[in-house]
There are 2 protein chains.
Amino acid sequence: MDRGGDQLAGLTLDFIRSQLIRLEDTILFSLIERAQFPRLPTIYAPGAIIDKEVWTGSFMEWLLHEQECVHSKVRRYEAPDEHPFTSPLPPTILRPKHYPSLLHPCGKQINVNAAILAFYVTKAVPQLCREGDRGEMEEHYGSAATRDVECLQALSRRIHFGKYVAEVKFVGDEPTFRRLIAARDVHGLEAAITDAAVEQKVLLRLASKGRAYTGGDAKVDVDAVVEMYRELVIPLTKLVEVEYLLSRA
Amino acid sequence: MDRGGDQLAGLTLDFIRSQLIRLEDTILFSLIERAQFPRLPTIYAPGAIIDKEVWTGSFMEWLLHEQECVHSKVRRYEAPDEHPFTSPLPPTILRPKHYPSLLHPCGKQINVNAAILAFYVTKAVPQLCREGDRGEMEEHYGSAATRDVECLQALSRRIHFGKYVAEVKFVGDEPTFRRLIAARDVHGLEAAITDAAVEQKVLLRLASKGRAYTGGDAKVDVDAVVEMYRELVIPLTKLVEVEYLLSRA
């Protein structure tokens, strides 16, 4: 799947930032598509739509798992920048292939999807989607859950890109990072990877794109998207960076 | 899945047009996402990626079928405005439900997806996507094909909405349409359903949205999108309208 182009451009902070910036558009498009539909709490409630004998999770999680099974068959989760939400997943139907990665091998184990999923369902959807009338609910279950899967996959990709960011920062100042890692200094690592000016720029650019994309017939609450970046995307990306660095040593 | 909201707003031309206009954004977003990746002719060549004993079609068609199998399990293709590209598809895992439709029962049989798929693969992708370097090919197979599926599903939904357009036009002038249908007057029907001013407005609005959505980091050849509407979307929508009317009698 999307490889982040490890071997194409090498691993520079500029290249990684260009990927992160492009992912903002994918995330915005996915959220705009989801926001067409009401919140639909039923699709997130285990047992509410699919019988518990068939699947113990929610309808949306069932769709997410089915989707991941399909993508697993075409090797999506063998790529170093892709992380599944569900398991177990079936093996690939394709010929085996080695995906080179510029990340430290420890990197693949770090997966914050559970936190992404929990935040998305409990905080992002209620802020991004309208409540909806009782009558229009059921017909949108599939459409909304399909969009949820796309939003979650785009968010996961964006947040786990933190591994690449961390790797580049590590290589850029190895002595400092080795010292902080050896001391298990989480606060020091957080401080070393944080660039408040860049974070502010991300939020401003996101708001500007959001306004451009919703000027016509497509709609989403741009403030809610910015809020989601501030509360979910940026903190979890930093968590991924710190965890990656701590496990890297 | 997306129901077009039959029973919500009733079936007015204004309501249908609002759905068609909103689908323009979905189509644009999907095409912008696809245009991130090269053309990748290999994913459209039967046998090139998946062994012919496993699947006789192309890699992209395999992904499309797998996707439709998942969606079929949650009743997508029982909705009157959804049409699968592939078959056979598995039954639903959900409780049975009757989807009311304001279309004539003849409508469900009309399916122009084969024509959409052929045009999309042979004309739209070569126009919308860059050629790509040899080295970056394989890693994008899954990403590109996933986007293809999204483009095809959005195009299919837009084009088959022609059934609703035709139904509203039929109800609006039943004597004229009954006469043309009885005479099997295809040219007369085409003339009766064509509104050149509306078609022009669609193309202009599409170009304007396309420019707004590609002003930042997302990119697509807006002229190529407009061309695809002119050559594929508008003519096939009209074909659906005429076929629906002819079979309606």
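In the predicted model, 10 salt bridges are counted between chain A and chain B. One of the salt bridges found pairs the side chains of R95(A) and D51(B), with an N to O distance of 3.7 Å. Residue pairs in polar contact between chain A and chain B, with both residues at pLDDT 80 or more, also come to 10. Helices α1 (6-9), α2 (13-34), α3 (59-73), α5 (141-160) and α9 (196-213) of chain A each provide at least two residues of the side of chain A that touches chain B. The most is given by α3(A), with 8 residues. By residue class, the side of chain A that touches chain B comprises 19 nonpolar, 9 polar and 19 charged residues.

The size of an interface is often expressed as the accessible area lost when the parts come together. Between them, chain A and chain B bury about 4100 Å², of which 54% lies on carbon and sulfur atoms. More of the area that chain A buries against chain B comes from R22(A), E139(A) and D217(A) than from any other three residues, their share being 15%. In terms of contacts, 47 residues of chain A meet 47 residues of chain B.

Over all chains, the whole structure holds 36 salt bridges. Side chains of opposite charge can pair when their charged atoms come close. A network of salt bridges links E24(A), D25(A), R205(A) and K209(A) with D217(B).

Further salt bridges were examined individually. In chain A, E82(A) pairs with R76(A), and the closest N and O atoms are 2.9 Å apart. E82(A) counts as buried because its relative accessibility is 3%, under the 20% limit. R76(A) is likewise buried, at a relative accessible area of 6%.

In chain B, the closest N and O atoms of the salt bridge between D148(B) and R34(B) are 2.8 Å apart. D148(B) belongs to helix α5 (residues 141-160) of chain B and R34(B) to helix α2 (residues 13-34) of chain B, so the pair ties together parts 114 residues apart in sequence. D148(B) is buried, with 0% relative accessibility, and R34(B) is buried with a relative accessible area of 2%.

The side chains of E199(B) and K238(B) also form a salt bridge, with an N to O distance of 2.9 Å. This pair links distant parts of the chain, as E199(B) lies in helix α9 (residues 196-213) of chain B and K238(B) in helix α10 (residues 222-248) of chain B, 39 residues apart.

K169(B) is buried, with a relative accessible area of 18%. A polar contact of 3.4 Å joins the side chain of K169(B) to the side chain of E241(B). Beyond its neighbours within four places in sequence, K169(B) contacts F177(B), I193(B) and E241(B).

The largest nonpolar core contains 117 residues, among which M228(A) and M228(B) touch the most other members. Apart from neighbours within four places in sequence, M228(A) is in contact with I27(A), L31(A), F119(A), A124(A), L128(A), L155(A) and V233(A).

Note on methods
Residues numbered from 1 in each chain as written. Chains lettered and ligands numbered in written order. Predicted model: local features only at pLDDT ≥ 70, side-chain atom pairs only at ≥ 80, totals over all residues. Heavy atoms only, no water. Buried < 20%, exposed > 50% of the residue type's maximum accessible area, 1.4 Å probe, protein only. Polar contact = N/O pair within 3.5 Å; in protein donor to acceptor, adjacent residues only side chain to side chain. Contact = heavy atoms within 4.5 Å. Core = buried A, V, L, I, M, F, W, Y, C linked by side-chain atoms within 4.5 Å. Buried area = accessible area lost by both parts, 1.4 Å probe. Salt bridge = Lys/Arg side-chain N within 4 Å of Asp/Glu carboxyl O. Helix = DSSP H or I, 4+ residues; strand = E, 2+ residues; numbered from the N terminus. Nonpolar A, V, L, I, M, F, W, Y, C, P; charged D, E, K, R; others polar.
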